[in-house]
Amino acid sequence: MNEQSEQQANRRPSDSEIELALLMGPNDANAMGNVHGGVIMRLADEAGALAAMRHAGKLVVTVRIDSMTFLEPVRVGYLLQLKARVNWVGNTSIEVGVRVEASNPITGEGIHTNSAYFVYVALDERGRPSPVPGLELENEAQRRRWQEAEERREIRLEKRTQAQESWQSHRR
Ligand SMILES: CC(C)(COP(=O)(O)OP(=O)(O)OC[C@H]1O[C@@H](n2cnc3c(N)ncnc32)[C@H](O)[C@@H]1OP(=O)(O)O)[C@@H](O)C(=O)NCCC(=O)NCCS
């Protein structure tokens, strides 16, 4: 197998899974001691990009972030844990699901604070979309996630078309 075809061999979701853990400090929070939503969003995007880059074996950019709901506040001093896993791949794009949990560092008690889906596009050296390896699905849960991601993709592409049409009509 040459280097090119080796790079494009199918990969499993477990090959690119990422887990990050960070202690939240005062710089991450407001005056009430609650961590800013934007901080969590940035870290989730970083975890997702790392999983996508591992899968693609090249640089990626974020093309889409689905809506993010914060279910529980995260307090200063808590340990934020982010788990990112590739759910779906297209030709050049990759959907990653990121789950965020916060735990009390003393008791270890954790809460699920939010989950979100991110779409990344792999780029070649000239910054153009570049093909990614296929995804080897190994179990029923992965096949279900793939199917659900397909459905989300339909909606995203529909929204992209609507947004493009709206921009064009405003330009006229
Ligand atoms: C990402 C980017 C290179 C894609 O360019 P483009 O001209 O839209 O490219 P294409 O139309 O060929 O789309 C590339 C892939 O992205 C997918 N895509 C594009 N827009 C999308 C959207 N809104 N939602 C989901 N997927 C999308 C396409 O379906 C295609 O997937 P596929 O190859 O798997 O079928 C370009 O939009 C870009 O540079 N965006 C800015 C990225 C950025 O700066 N991010 C923030 C910092 S990382």
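A word on naming before anything else: helices (H or I, at least four residues) and strands (E, at least two) are DSSP runs, numbered from the N terminus. What you see is a predicted model, in which local features need pLDDT of at least 70 and side-chain atom pairs count only at pLDDT 80 or more, while totals for chains, interfaces and linings use all residues. Residues are numbered from 1 along each chain as its sequence is written.

Start with the overall layout. The chain has four helices and five strands, and from the N terminus on the order is α-α-β-α-β-β-β-β-α. Along the principal axes, the C-alpha atoms fill a box of roughly 50 × 50 × 35 Å. I call two residues in contact if their C-beta atoms, placed from the backbone, lie within 7 Å. Among contacts between residues at least 6 apart in sequence, 72% join residues at least 24 apart.

Burial is also counted on C-beta atoms placed from the backbone: a residue is buried with 20 or more others within 10 Å of its own, exposed with 12 or fewer, and partly exposed in between. By that count, 26% of the 172 residues are buried.

Now the strands. Two strands pair if DSSP finds at least two bridges between them. β3 and β4 are antiparallel, joined by 10 bridges, and they form a hairpin with three residues between them. V89 has I94 in β4 as its bridge partner. β4 also pairs with β5, again in the antiparallel sense, over 11 bridges. R99 stands opposite S115 in β5, and the bridge partner of S103 in β5 is G110. The hairpin of β4 and β5 has six residues between the strands, and G108 there takes a positive phi near 80 degrees. β2 runs antiparallel to β5, with five bridges joining them; I65 stands opposite F118 in β5. As for cover, eight of the 11 residues of β4 are buried.

How many of the 32 residues of α4 are buried? The number is two, so α4 lies largely in the open. α4 covers residues 140-171 and reaches 47 Å from its first C-alpha to its last, close to the 46 Å expected at 1.5 Å a residue. The expected span is 1.5 Å times one less than the number of residues. For α3, with 20 residues, the reach is 28 Å, close to the 28 Å expected. The buried residues of α3 are I40, A44, A47, G48, A49, A51, A52, H55 and A56. Their cover includes α2 (13-16), β1 (18-23), β2, β3, β4 and β5. Just after α3, G57 takes a positive phi of about 70 degrees.

That leads to the core. A nonpolar core here is a set of buried Ala, Val, Leu, Ile, Met, Phe, Trp, Tyr and Cys residues joined through C-beta atoms within 7 Å. The largest has 33 residues, of which A52, V60, I94, V96, V98 and Y120 touch the most other members. α3 (37-56), β3, β4 (93-103) and β5 each supply at least two residues of this core, and the largest share, seven residues, comes from α3.

Two positions show the packing. A84 is in strand β3 (residues 79-89). Why does A84 count as buried? Because 25 other C-beta atoms lie within 10 Å. Leaving aside neighbours within four places in sequence, A84 is in contact with E17, I18, A47, G48, L50, A51, V96 and V98.

Last, the ligand. A residue is near a molecule if its C-beta atom, placed from the backbone, lies within 6 Å of it. There are 14 residues around the ligand, and R64, G90, N91, T92 and S93 come nearest. β2 (60-65), β5 (110-122) and α4 each supply at least two residues of this shell. Which of the elements gives the most to the shell? It is β2, with four residues. The shell divides into six nonpolar, five polar and three charged residues.

Key: Ala, Val, Leu, Ile, Met, Phe, Trp, Tyr, Cys and Pro count as nonpolar, Asp, Glu, Lys and Arg as charged, and the others, Gly among them, as polar.
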